[in-house]
Amino acid sequence: MITEQPPPIRKILVDAPPTVAPGIAPPAGGHAATSGAAHHRRGEAGPERMTLQGLSVFYGENEAVKQVSLSIRLGEVLALIGPSGCGKTTLLRTLNRLTELTAGAQRGGTILLDGTDVDALEVTALRRRVAMVFQQPNPFPMSIFDNVAYALREQSRKRPGRSVLAPLVEDALRRAGLWDEVKDKLDAPALRLSGGQQQRLCIARAIATRPEVLLMDEPCSALDPRSTAVIEQLIGELRSDLAIVIVTHNMQQARRVGDKVAFMYLGDLVEYGPAEQIFDAPQAQRTRDYVRGVFG
Amino acid sequence: MLHRLRQPWSDRRAELTLGALACAVLLVIVLMVVFVANEAWPTFQHNGLRWLFPGGNVDTQINTMVNAGAKPPAADYHLRAWPLVWGTILTTGLAVVFGLIFALLASIFIVEFAPDRLRAIIVPVVRLLAAVPSVIYGLLGILVLVPFVGNHIISAHDKKSVEFIVQLSGASLLVAVVILTVMIVPIMIAICVDALYAVPRGWKEGAVALGVNRWRAMWTVSIRAARPAIIAAAVLACARALGEAIMLSMVSGSVGFAPNPFDGPRLFLLEPLRPLASTIVEDSESLQAPAVRSTVYAFALLLLFSSLLLSLAGYLAKQPMKKYGVRS
Amino acid sequence: MAVTASPRPAPGKQRPKRESMADWRWGDRIAYVLCWGAGLALCAIAALIMGYMAVRGLQYLKPSLLWSHPSGEVDQSDSGGFLDPIIGTILLTIIGIAIATPIAVAAAIWVVEYGRPSGLARMVESGIEVVAGTPDIVLAIFGLALFQHGLLGWMSFTAEGGAVFGRSFLTAGAMMSLIALPMVFGATREGLQSIPAHVREASYGLGKTKIATIRRVLLPAVRPNVSTGAALGMGRIAGDTAIVVILLGATLRLEKEGGVPGLDVLKGTGSTLTSYVYNNSPAGEGNAPEKAYAAAFVLLLLVVALNFTVDLIARRGAKTGLEGTRLGAGR
Ligand SMILES: Nc1ncnc2c1ncn2[C@@H]1O[C@H](COP(=O)(O)OP(=O)(O)O)[C@@H](O)[C@H]1O
Ligand SMILES: [Mg+2]
């Protein structure tokens, strides 16, 4: 579907802070090789981008995430699975400190981004590096172009003109696999798009500023199977220059897109490992039951 | 009789009764337009549309009408109401512009930036300011602000420079606009705050998750999404300002004078005026004189149509935003 | 499942770094400061107004003012108090709300529960918005023309020649009801709309007719909303001046009209606290600022009380905790 793409451009065109950690070259080959069915798995993962150490989150007295330790690597897709209410969304939102918007939410433990405690980072700077796609597509009530250009505009100190933005917007839309569908109606309202297109637009909006980590909270739960397939393929293509965390409670999806899988249950991280291991040889009884569909 | 009332109503009868009561409201509006237009007719008959134009001293013209008695000659209907119309436009326009800016900033403060404790104070404060009757605003204006402006802001030099045109006493466009702004701001804040709270959380979180700071998220997404409500707020405030009679008759100086921007911004703001609504109150004592009566009803008709037009304008202004799926 | 609680965030740990304004654009920083300015200015204005009114009010308010009738003496020590205006305010508020509430509630029920033909229902809604947007002075002057019409002459004083005066508590109250009507309507409509459909369906399921459902289920459920709207509407009526000056005559004392006890007061003229303040300000004929301040203070207390009883009603409505959960009316 989106085979003839330009290779990812790592030039920072807007005067945002450089987003590539020194010494990390984008792994070659990720993009071109993903034209096939859904997925290709790389043998070894890249360097560690985010590290969670004993992370717990409280809503008042309710402990929604309990002492979770994980690592998220560049060029790797981490799939978070677990029955609903087990704290997946909460965990994800904690990674770019969105939980701080919720009154009464408290966090313990440490999250490191490239070795720096995220609490020591200025919160907007953190969120520029760790972008998020939500469960419900939430394009802004603006045109398609303005949606994708939104973060580019807001993150630069001077407002870049449309001529500067246009190639960046096009690139983001291409990478999100939406360009061919919307190239003739960039000025149409984003809310007129179908659900699947809206979600891809939100992905384009999130990756337009080239974040380092992309968090996706059940991005396909509101979508039809075809849009889901398109987005899964997209994840496969994006992984080469991003670290991706995707929440899903669809086991097949986790298996298709995930390199690593983490299984959560009632706030606990029960098991974490390569996808093959979790699905084919789970260690814990709960994981075994869950991936076999005994409960969920 | 009572017996029949106690019996359970049939649904059909209930629907008709309730519907009739509801439609009584429409009847009232029709009656209002008909009665007011009917009373206003003679003055338009004599003046045509030039009624609205500048020309002569409007206070003198009205005085002539008062003295004309029960059978006024046609010439006594002569009126050029421009200074009153201009006074209405000035007070309303300035108050709504300043009020809207102020209300937007205050609403954003309440919704986004105010610490919880301050928010718990400021919300009742808005309700309180909205509850204060206009006559109390007028009283404070005429007893506190007008003397202050008259004694400390207007200099002898100012008075002298326009001596032969108008007296400067302190009752002025400035005081009128300041108080009118305070009066209409609370309604606008109430509407804007509700609308900002109603902005879907996904939009705001979406913006914040892109690393946009709280002010920018508010300004670029929430305010944008709340535009229909903001327009509604401006329209409602405009209607309030347009119809404010009592307070303005107390603090505006009540002179049929059109403040002149070419006198320089300072004198312009210090000049007195009288809007249409205040003129109605003040001339309501002389309604036995047919010419006055017709003139006063013509003022009322003008206000009535302006407020109808405002409702319509507010409705139309919301339409283009529907295409973005913005809730109205 | 193990019930080992994780350690809470260590108290000694530094709070996460908040948003910093270091890289905000200048325009944004200015806007941020202006936001704070607007919020604080609002508090300051309210404090100044309330403080000044309290000082002046308490300075000039004597209990005797509340109990004595006003009179037209030039000497302020002889011109009496404002008992009549207080009675006038109460009377007019009651008349106004008594007319407005049934009509507004009926209209709201019709619009929400029946609403057919839907074009007409939408017209009624817009119509009420139009009434809400019509200046009170226009309503007043319209009322004067309307009630001077011979057919409606019974509502006010009629002179020997058959000329109808058009000014009375009844006529002023009728126009005041138009001020309160949109508020009661809005509050009731909101209450009705927040009742979920299954409540109605459950009632129909028991074999009740629509009107029985409205009377037994819906009306009790929206009573707090109606009361809220009515209290707000009463606040508006008590604070209105233009209609009083034009339609009530703003005579110093209550002037009775006709011989029928009770009706004579309603057909007669009078004044309210608002018109008393207006007339005693330098803009009016009385020009007695001290009396004006004292009456304005009483008026302010009354109106503020009416506006804040709303909180009591709302809290009482939610107190049982049932309305909110059962009817989904939680606000
Ligand atoms: N805003 C909130 N306030 C209080 N509790 C919440 C909030 N959000 C989530 N929770 C609770 O935290 C737990 C985890 O929720 P969530 O992270 O949304 O689970 P998941 O995404 O896995 O379905 C649940 O028990 C939920 O009730
Ligand atoms: Mg979730």
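1. With which residue does the side chain of A:Asp280 meet in a salt bridge? In this predicted model, the partner of A:Asp280 is A:Arg255, with 2.5 Å from N to O. A search of the whole structure gives 33 salt bridges over all chains. Side chains of opposite charge can pair when their charged atoms come close.

2. Three residues, B:Leu18, B:Phe35 and B:Arg127, supply 8% of the area that chain B buries against chain C, which is more than any other three residues supply. The size of an interface is often given as the accessible area lost when the parts come together.

3. Polar pairing between chain B and chain C comes to seven residue pairs in polar contact, with both residues at pLDDT 80 or more. The count of salt bridges between chain B and chain C is one. A salt bridge is formed by the side chains of B:Arg216 and C:Asp28, at 3.1 Å from N to O.

4. About 2000 Å² is buried between chain B and chain A, 62% of it on carbon and sulfur atoms.

5. How many salt bridges does the rule find across the interface of chain B and chain A? The rule finds two. In a salt bridge between A:Arg93 and B:Glu205, the closest N and O atoms are 2.9 Å apart. Between chain B and chain A there are eight residue pairs in polar contact, both residues being at pLDDT 80 or more.

6. Ligand 1 has residues of chain A around it, including A:Tyr59, A:Asn62, A:Ala64 and A:Thr102. A:Ser84, A:Gly85, A:Cys86, A:Gly87, A:Lys88, A:Thr89 and A:Thr90 are also among the residues around the ligand. Strand S2 (62-73) and helix H1 (88-95) of chain A each supply at least two residues of this shell. H1(A) gives the most, with three residues. The shell has seven polar, three nonpolar and one charged residues.

7. Which atoms of the protein lie 2.5 Å, 2.9 Å and 3.2 Å from an oxygen atom of ligand 1? At 2.5 Å there is a polar side-chain atom of A:Thr89. A backbone N or O atom of A:Lys88 lies 2.9 Å from an oxygen atom of ligand 1. For A:Cys86, a polar backbone atom is 3.2 Å from an oxygen atom of the ligand. Ligand 1 has 560 Å² of accessible area on its own, and the protein covers 61% of it.

8. Most residues other than glycine have a negative phi, and most peptide bonds are trans. A:Gln67 is not a glycine, yet has a positive phi of about 50°. This residue is found in strand S2 of chain A, and strand S2 (62-73) also supplies at least two residues of the shell around ligand 1. In chain C, the peptide bond that joins C:Arg116 and C:Pro117 is cis, with omega about -5°. C:Pro117 lies in the loop between helix H3 (83-114) and helix H4 (118-133) of chain C.

Terms used: Residues numbered from 1 in each chain as written. Chains lettered and ligands numbered in written order. Predicted model: local features only at pLDDT ≥ 70, side-chain atom pairs only at ≥ 80, totals over all residues. Heavy atoms only, no water. Buried area = accessible area lost by both parts, 1.4 Å probe. Salt bridge = Lys/Arg side-chain N within 4 Å of Asp/Glu carboxyl O. Polar contact = N/O pair within 3.5 Å; in protein donor to acceptor, adjacent residues only side chain to side chain. Near = heavy atom within 4 Å. Areas by Shrake-Rupley, 256 points an atom, 1.4 Å probe, with all protein chains shown as cover. Helix = DSSP H or I, 4+ residues; strand = E, 2+ residues; numbered from the N terminus. Nonpolar A, V, L, I, M, F, W, Y, C, P; charged D, E, K, R; others polar.
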